[in-house]
Structures are given as structure tokens and as C-alpha cells.
Amino acid sequence: MLMKKSLLPWKIFAYSIMILFTILAIAPLLWLLVSSFKPHVEIVRNPLSIPQSWYVENFSRAWTQGSLGIYFFNSILYSAIATSITTLFALGAGYTFAKFNYRISKFFYALYTLGLLITVHSVIVPLFILETNVGIDNSRLGVIIPYIAFGLPFAVYLATGFLKGIPDSLEEAALIDGATYLQIFRHIIIPVATPIIATMFIYTFLSNWNEFVLVLTLTSKSAIRSLPVGINSFAGGMSRDYGLQFAALVIGTIPMIVFYLIFHEYLEKGFAAGVSKE
Amino acid sequence: MSNRTQKRYSYWMLTAPSIVVFVLVIMFPVMYSVSLSFSEWSGYGTPKFVGLKNYIDILSDPIFLHGLRNNLLIVIISVFGQIPLGFIFAYILYRRMVKGGRFFQTMIFLPITISSVVVALLWNQIFSASGLFTAFIRLITKNPRYVIGMFEQKNMAIIPILFVILWMHTGTYMVIYLANLQKISPSIIEAAQIDGASEGQTLRCIILPGMLAVISTTAIFAISGSLKAFDLIYAMTGGGPAHFSEVIAIYMYVNTFKYYKYGFGSAVSIIIILLSVGLILILLFFTKRLERRNE
């Protein structure tokens, strides 16, 4: 299609707003990265300067003083376990909601939809009391179980929507051959659903990795806390050493940026699928 | 095992695990919250039934009302800031008005992957006396003593936070709108433009009506997300100084976990749910009316 003249003002507007917002998005992150290689004094004296020498001690000191290693480990543990279970559970539920014409599925599906609106805050008090009574407060299990639950509504929504779209004929052929529904789930549904599994997994992993309130309230032992909570304690009591703080922030940011750059297509698909026209 | 029992057995094997976890962790506690909200309880002994006292106390507390005002400002910046901006970005990318759209898209979406806590601490540094923002303003105003004063003013303290929220979430909306715009066939637009429709007319008469349902759904997410806002503000200011940047979720957190007012805290969280539902109903009402006008 030929470019029309009337498009020119649109183009100028488009470029200026895109460039402006991109700078706005990137500049703080670049400044963070550069500053993390400067000692405290240099940051305070001239916030805009390029580091005189690359002061990597910030990173090793932040890592050891902030015990970031253990927080890192916990974050990986929580995100990996909870995300895997959420994905598997949601896929099972999504399969039955999409393909078994049971009336009770409607009710369950409505419950999950309601779950999308419920905030962590509205359950945190009862959850805290419940966990204390059951005896899993202040434990890793006490973090993982709520993570699984809060990942479910959106994952079920994604799985159901995707599986509704696959043809019934796949299943029917297997049923005639005498396969059970559980076998169909394992050998047909899971392979077919790989794209949505990837989206569900990556989206859920990201939100678990960044989760803050649940760990903050349900745990008090620092040995079982996760990276966001660990990094937050840097700002409070830890130190007024800005270099250390910046290094800690970079350590908290880099894994997710790398993760994002590798998987951004799936992630964007996940966000997009969440809100589409039915 | 007959085929029907086998089917029923498989159904429950696949559905039950998620339902059990979901009901235990989310549904049951929500009900429990509702009943706690009518009582006074500090975590020990039995809760004392006090009727609507918690709700009356909350609604007449000026700190809560200031927090509510801040929450409503967050709703406004989300619905009238992030959504239009996100839509404009998506539209620019969809119509290929810029070269290297993929690059812009990736960069604008980047902030959403970073944890709120990191974003909060980063922006605190940016606004601090030795921060990027301060240094930048000092450079352009040539005033070497400039420091940001908004955080110390009761009515302004929330403004820098609103900006950070905009910075963080606009990319999400862009991606959602872009994916949905791509479902619109380009031939419809070409046909309209061959018939002489300008870019503005195409947008107003073809694209926007088609996107209304999606925009309305994102607005629902924006509203419920805005009322939930906690992590970012908690890590940035903790609601301070002197509750200037308080929001309802922080008010709830402090009353519950600092003052051990479990019943009171539950009542605040029920108010958050009721507010979301109320605002969403208002939104749906207006969407319906718009849809009818378009028909």
C-alpha cells in the first residue's frame, strides 16, 4: 500500500512518543546498572558520572552481607515447585472443563473466575491463622501451597480456553481404541497443549518470582524468605551504602530480564490471552 | 470399570486436586474473613462479636479516607493513563507507523518483568538527593540545591508513585491491545481507506468499536489491580510520611500485623472486595451504554 501524505503527522507523533517512552523505560535501568559499579562516595558526589573504575566489590559484598544466596535459592525453589504444580493442576482442570460436559464444571469455572478478582490481602489474615493451626506457618510448605492456589485462576482460564479450541476427533479416536480418559490426558492432551503449557508456566513463574506480600506475612525466619523480601530489607536497616543497594537491585533484576528476553513471546502471548474477546 | 464410571473417576482425578487447594486457600479464607470482619479479635481467645462496629470505625477514620482517595487516584491513572497510552502504543505498532517496532515493544514492556520491590527501591534512589531525577532537574534548572518536595506534602505525596505505576504497567496494556488488534483483518482497514477514510476516522469508526470489549475487560483488571496496590507503595514509602501516601491495602496490613486487630483488618479487606465489585459494575454499566450507542 502506498504511503499517504496524511500519514506524515501520525508518523512524527508516533516516533516521538515511542522514542520518549522507550528512553523513559530504559534510562532508569541503565542508570541502575552503571551506578552499581560505583562505590557509595562516587554515587553521592556525581550521580550521572561514568564509573572511574569498575567497582565489582559491591556485588560480592551485597551477595554475602545480604545473604542473597539463600534468598535466591528459596525464590527458585518456590517458583519452580509451585509453578509446576499449578500448571499441571490447571491443565487437568482445564481439560475436564473443556471436554467433559458435566454440569458441575460450570460452577467450578465460575469459582475460578471469581478467584481472579480476589486479592491476596483479603485472605491473608485467615490464611495466617489457618497455617498456624495446621502447623505449617513459617515453613516452605506454607509458602508453596498458597502460591499454587493463587496461580490457579488465571492458569485454569488459559488452559480451558485453549483446550476448548482443539478438535474432539483426537479424543474420540483414542476412546474407540479403548484408551481411558487419564491416558488420553497424558498421551494426547499434554503434547497437544505444549504451547499453552509454556505460556502458563512462564507467566506463573514470573508472578511467583516477584511475589512479595505472602512471603512477607507468612514467614518470619529469614532462612525461608525469598528474593523480593530479602532485597526489601536492604533498603531498611541494612546500610546507607548506595553501591551495595544498587548491586542488590541489579542482582534481583538481571535474572528476570534475561528470562524475559528469552521467553518474551510466550509471556506476551500469556498476557494477551488473558484478556481477549470470547 | 464401565466407561461411565471410568469417565467420572477421571473427571475427579483431574479436577479435584486444584479445586481442593483453591477452596482451602482462597474460598474458605474469604468466608472466614467475612465472619471475622464483624468481630474484635487480637489472635488469642475467642473473637468477640461487635456487629458493624469495625466498618463504622473504618469509614470514619480520616487515615482510611485519605488512603481511599489515593487508591481512587491510582484507579484514575490506570484507567485514564495506562489504558489510553497502552492503546496508542499498540495502535502505532499495529499500523507499522515506526520502523523497528519489535525493539520498541520489547523495551516498553521490560519494566513489567521487574519485581515491584526492586522497582520501588530503584525509583526511591532516582528521586533521592543523589538520584537520576534530581540530578537531571538540577542540570536543566541550573539550581544545584533542588530536591523533590512532593513526598512531604499531604496532597502531593502520591504523585511520584502514580508516575512509577504508569511507568511499570503501561507495557502490559500495550501487549494486550496489540495481540487483539492483530486479530482485526488488515483488509477491512485498507477497504475503508480506499473509500477515503482518514487515519483518524478509521481509528474512531472501525478499530475502537471493535476493541470496546477488550478495553472494558482490561479496565476491570486495572480497577481491581489498583485497589490491590500494595507491594510498590509498601516498599517505596510504607504509606508515609504521616500516612500521606497511604493506600487501603497498607492500612489493612498495618492494622492487622502491627496492631493485631484481626477483625478490623478483615473488615478492611472486605471493603476492598466490595469496592472492586462496585467500581466494576459501574464500568460494565457504561460499557453497555456505549455498546448500545454503537449499534
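Biologist: Which residues does B:F49 touch, leaving aside those up to four places away in sequence?

Modeller: B:F49 touches B:F38 and B:S39 once residues up to four places away are set aside. Bear in mind that this is a predicted model.

Biologist: Where in chain B does B:F49 lie?

Modeller: B:F49 belongs to strand β2 of chain B, residues 48-49.

Biologist: Is B:F49 buried or exposed?

Modeller: The general idea is to count C-beta neighbours: 20 or more within 10 Å means buried, and 12 or fewer means exposed. B:F49 has 12 such neighbours inside 10 Å, so B:F49 counts as exposed. Across chain B, buried residues make up 42% of the 295 residues.

Biologist: How far apart are B:F49 and B:L290, in sequence and in space?

Modeller: The two are 241 residues apart in sequence, and their C-alpha atoms are 45 Å apart in space.

Biologist: How many helices and strands does chain B have?

Modeller: Chain B has 12 helices and two strands. In sequence order the pattern is α-β-β-α-α-α-α-α-α-α-α-α-α-α. The radius of gyration of chain B is 24 Å, well over the 19 Å that the globule rule gives for 295 residues, so chain B is more spread out than a compact globule. Along the principal axes, the C-alpha atoms of chain B fill a box of roughly 80 × 75 × 40 Å.

Biologist: What share of the contacts in chain B with a separation of 6 or more comes from residues 24 or more positions apart?

Modeller: Such residues account for 68% of those contacts in chain B.

Biologist: At what angle do helix α3 and helix α7 of chain B pack?

Modeller: Helix α3 (residues 62-94) and helix α7 (residues 158-181) of chain B pack at about 40°, and their axes are 6 Å apart. Angles under 35 degrees would count as roughly parallel, and 65 to 115 as roughly perpendicular. α3(B) and α7(B) are therefore oblique to each other. Their crossing is right-handed. The residues of this contact comprise 20 nonpolar, six polar and no charged.

Biologist: How is the size of an interface often given?

Modeller: It is often given as the accessible area lost when the parts come together. Here the description is by residues: the contact takes 77 residues from chain B and 76 residues from chain A. On the side of chain B that touches chain A, helix α1 (residues 3-36) of chain B gives the most, with 20 residues. By class, that side of chain B has 48 nonpolar, 24 polar and five charged residues.

Methods
Residues are numbered from 1 along each chain as its sequence is written. Chains are lettered from A and ligands numbered from 1 in the order in which they are written. This is a predicted model: local features need pLDDT of at least 70, side-chain atom pairs count only at pLDDT 80 or more; totals for chains, interfaces and linings use all residues. Helices (H or I, at least four residues) and strands (E, at least two) are DSSP runs, numbered from the N terminus. The radius of gyration is taken over C-alpha atoms; the globule rule is 2.2 Å times the number of residues to the power 0.38. Two residues are in contact if their C-beta atoms, placed from the backbone, lie within 7 Å. Ala, Val, Leu, Ile, Met, Phe, Trp, Tyr, Cys and Pro count as nonpolar, Asp, Glu, Lys and Arg as charged, and the others, Gly among them, as polar. Axes are lines fitted to C-alpha atoms, for helices over the stretch in contact, and angles run from 0 to 180 degrees between N-to-C directions. Angles under 35 degrees count as roughly parallel, over 145 as roughly antiparallel, 65 to 115 as roughly perpendicular and the rest as oblique. A crossing is left-handed if the near helix is turned anticlockwise from the far one by less than a right angle, and right-handed if clockwise.
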